[in-house]
Amino acid sequence: MTTDAADSVDAVGVAPAADPGFLQRYGASIEYILIPGAALVGALAVFGGFVAIYGKNPLDLYFYMYYGAFGTWFSWQNTLTRAAPLILTALCTALPAQLGMVIIGGEGALLIGALSATAAALAVQGAAPVIVQVAMVIGGVIGGGLWIMLAGGLRQYRGVNETISSLLLVYIALAILNHLVEGPMRDPASLNKPSTREIGAANMIGSIPGTDVHWGLVFGLVAAVAAYILIYHTTFGFAARVAGGNIRAAKIVGLSVGRLILTICFLAGGCAGLAGMIEVAAVQGRTNANLAAGYGFTGILVAFLARQNPLAIIPVAILLGGISASGGLLQRRLGLPDASVLVLQGIIFVFVLASDALYGRIGFLKGKS
Amino acid sequence: MADGSIGLWTVPLAVFGGAIRVSTPFLFVSLGECITERSGRINLGLEGTLVMGAMSAYGISYLSGSPWLGVLAAGITGALLGALHAGICSLPRVNDIAVGIALMLFGTGLAFFLGKPLIEPTAARLPAIDFGWWSDVPQLRAALRINVLFLVGVAIAPLLYWAFRTTRWGLLIRTAGESADAARAMGHSVLLIRLRATMVGGFLAGIGGSFLSLFYPGSWNEGLSSGQGITAVALVIFARWDPMLCLWASLAFGGAAALGPALQSVGVTSGYHLFNAAPYILTLAIMIITCSPKRTLTGAPAELSITR
């Protein structure tokens, strides 16, 4: 009787936050929001100080950053348009991370994806727009996928460090792109800015009705959700996480680690390749050096800030898309160089990594065990 | 050749001159990274350090009129970035590779930000020593105009080789890299050893950057470094963490990087961009050949996360 009464008193009279069971259950999840959030605030504070040294008012900075990123419908659309490729390039880092691999070559896969998507579109030019678009998706995914699969294969079969090889592949991809757009694939009419021929206005993928945000955002959202389901709700994803946790154990239970690595790397590169395809089919209309805009590198930051979780990538990509969207306004209103966005991204990255040391150390989140 | 034309000899000569010119940043970054990696930590952020070094050297040289002050400033900037890397890495559960990626982006961004006003002005450049005074062939004279920093780098490589083998400092760094526990048992702070090794590594990488802006190409712009830093990090693996092999590998890479411009100078322009990618392709090819999934690399520091 007495215990029953005590239980009911507990249940009624105590707020859930004070219940040690609540913290034990959700403490870890709270950490995953609280710590990166704190790192973000710290990074913004340091950047504010940096801008103050530069002679600008940090409060103006925060206002224009907010205004340029989320202040108006126009800036929201700009933010979401930039978030689309970031979601996809972040997946290029986050998917291999499940296997314990650090792939930072999303930019290269994006460029190769853009090239192969353009090549596919030009190959089937004249067909119905739907067919051209499907060809571009297939081309982009296969091109980008094979590019990162190369890094994964080299790691698995030759022991080549995938971080370095994937980054080297970025520079090789850029050289291939420059070579092709200035040589074999060049449109003779593109004089000042060497480019491939245009894929044609009819074949562009267009905007989501009622907005200026192109359909690439939907591609990104679908890919992120699909990646989440793949990693957390399928046996394949479970096997990948087992292999990422302990590769020896994975081999003992008979998992084919090589096939896991190749498949995951293909999917990861495919996502980045899709980002390249979207940049061609929704923004540029052709392939040229404009595509190397750094989405691949920002995607690495997105993946780390989201702690390699495919679902968390979506809000983080929107946040960083917002930061880059506000860059133009910072340039015009505050006279800050366009590289200020890069500086802020670098500071955020440093803070997020340093904050890794905090996990499991925040006293009040530990609960009682 | 009375008319001074040396025909196709231009290409090997330009590659030779280019090997010396272009290899200098590779040399400094790889020697710096060699020290850091020997202590058991990898700093992928040297790409950012290189760009920051280039920017600060150019800025200080422009403001002070002395290129050597610029070189010093570049080294100090690099050491500070190294200290930042080591400081974050000494926190528990922080991955040194990830920190390196962060500092690569941070260093590049900061250099572009601070370097905006430096794109226009011209700074005092580093001098070169003319070893080709005896020749009448202009291409040969150009190839033999050797910069002082290259000679410094060539001197550092054997010095480092000797220091690793015989000095107390070299032994401490190697101990920290082979077994942190052993270094701790000897009563040394592994974190402190690695902090110093990373700072010295950053110092050298920063100097490598100063070469880019103060000698060749010899100006500051945002396209100055395109992956030389990361190529040099890969080069250390290929050089088996041996400073002398770093020297030879840097020369080979410099030659590869000079191939594109050399061919262009004799009129071979097709595939220019592909030839420019030669150092990266060469790095990748060498890593494919020398790495193996079965064993760890000979000479690899046991504490290094990249080889485990």
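Okay, let's start where the two chains meet: the contact takes 40 residues from chain B and 39 residues from chain A. By contact I mean two residues whose C-beta atoms, placed from the backbone, lie within 7 Å. On chain B's side, helix 4 (96-114), helix 10 (228-238), helix 12 (272-276) and helix 13 (278-290) each supply at least two residues. Helix 4 of chain B gives the largest share, 12 residues. Sorted by class, the side of chain B that touches chain A has 28 nonpolar, 10 polar and two charged residues. Here Ala, Val, Leu, Ile, Met, Phe, Trp, Tyr, Cys and Pro count as nonpolar, Asp, Glu, Lys and Arg as charged, and the others, Gly among them, as polar.

A quick word on the source: this is a predicted model, where local features need pLDDT of at least 70, side-chain atom pairs count only at pLDDT 80 or more, and totals for chains, interfaces and linings use all residues. Residues are numbered from 1 along each chain as its sequence is written, while chains are lettered from A and ligands numbered from 1 in the order in which they are written.

Now chain B as a whole. How many helices and strands does chain B have? There are 13 helices and two strands; these are DSSP runs, numbered from the N terminus, with helices being H or I of at least four residues and strands E of at least two. Of the 308 residues in chain B, 55% are buried. Buried means 20 or more other C-beta atoms within 10 Å of a residue's own, exposed means 12 or fewer, and partly exposed is in between, with C-beta atoms placed from the backbone. Also, among contacts in chain B between residues at least 6 apart in sequence, 78% join residues at least 24 apart.

Next, a helix pair. The axes of helix 2 (residues 46-64) and helix 3 (residues 67-89) of chain B come within 7 Å and cross at roughly 145 degrees. Those axes are lines fitted to C-alpha atoms over the stretch in contact, with angles running from 0 to 180 degrees between N-to-C directions. The residues of this contact split into 10 nonpolar, nine polar and no charged.

Last stop, B:Asp242, which sits in the loop between helix 10 and helix 11 (243-265) of chain B. Why does B:Asp242 count as partly exposed? Because B:Asp242 has 18 C-beta neighbours inside 10 Å.
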